[in-house]
Amino acid sequence: MRTIMTETRSPFAGLPETIQYDDEERGPVIEVRTSTIGPVAKQLEEVGTGVIAFLGLVFACHQIFFVYSPKMDNVVLWGTIASLISLFYIGMLNYLLHRETLIRFTVDRIEVCRSGKWVYYDRRQQHRFSLFRHDRADWEKLKEEHKRAEAALKRKAYKPRYFFSDSYFVSLDHYGQRNDLMCVFRHPDAMQILTRLQACDEIMDSYARAGNKAVLDPAADWAPQPGDLPAE
């Protein structure tokens with residue numbers, strides 16, 4: 001008889017990074033840490049990546065043709081060095097343009113930290129997490145369509161490039177007010193963050209209904225029984 005192995009997937013697996021712990025004063029706590037890039041930063045990243053790659057090529061060509069000889073060994077060596085240097089600076093640029101947001105859930109509050117500044121929301125009041133397309137999406141679409149129409153009149157090809165149209169605000173609707181928590185480029189990334197925040201909020205609701213007690217140790221879920229051995 002075959003034994004079928006099953007594995008229960010944690011609701012906190014994958015990104016964004018999520019941890020859960022028990023605080024003596026506040027009870028269960030869930031922290032979600034996100035690293036996102038917005039439409040303006042994404043444009044800077046693409047331009048910066050192109051500039052860094054070009055400078056890397058110039059550096060390699062200078063070393064090969066003006067400092068050393070254009071032999072195959074030198075081409076491979078300096079091409080590799082230039083590529084590694086370019087990748088390092090591209091990685092640094094990517095890191096600097098991304099923005100971290102820490103969202104902390106407790107039974108009573110939702111706490112949001114961006115750029116070292118904390119904002120607190122009463123979780124017991126009516127609230128929900130939602131997505132909003134970037135406010136400049138329609139403006140960008142009109143601009144790109146105008147450029148494509150002008151290119152068509154000149155019998156030239158033009159491929160629209162959308163940044164704002166593919167960017168979304170992850171927001172917390174609280175007291176009927178929209179509070180944008182972060183701007184995320186690409187819909188799949190925004191949805192991934194949204195579903196994680198909604199899941200954390202639902203888990204906190206279950207803790208609140210259970211009386212603000214999170215069972216983090218399986219043994220703590222059992223009441224003492226007659227004849228039990230003392231815990232070590």
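**A guided tour of the predicted model**

A search of the whole structure finds 15 salt bridges, each being a side-chain nitrogen of Lys or Arg within 4 Å of a carboxyl oxygen of Asp or Glu. This is a predicted model, in which local features need pLDDT of at least 70 and side-chain atom pairs count only at pLDDT 80 or more, while totals for chains, interfaces and linings use all residues. Residues are numbered from 1 along each chain as its sequence is written, and side-chain values use heavy atoms, with hydrogens and water left out.

Select Glu 100 and Arg 33, whose side chains meet in a salt bridge (3.7 Å, N to O). Glu 100 lies in strand β3 and Arg 33 in strand β2, so the pair ties together parts that are 67 residues apart in sequence; helices (H or I, at least four residues) and strands (E, at least two) are DSSP runs, numbered from the N terminus.

Next, select Asp 173 and Arg 128, which form a salt bridge through their side chains (3.4 Å, N to O). This pair links distant parts of the chain, with Asp 173 in strand β7 and Arg 128 in strand β6 (residues 127-133), 45 residues apart. Asp 173 counts as buried at 13% relative accessibility, whereas Arg 128 is exposed at 51%; buried means under 20% relative accessible area, exposed over 50%, and partly exposed in between (1.4 Å probe, protein chains only).

Then move to helix α1 (residues 39-67), where the 29 residues should span 42 Å at 1.5 Å a residue, and the end C-alpha atoms are 41 Å apart, which agrees; the expected span is 1.5 Å times one less than the number of residues. Among the buried residues of α1 are Ala 41, Gly 48 and Ile 52.

Finally, select helix α2 (residues 72-97) and look for Ile 85, which counts as partly exposed at 37% relative accessibility.
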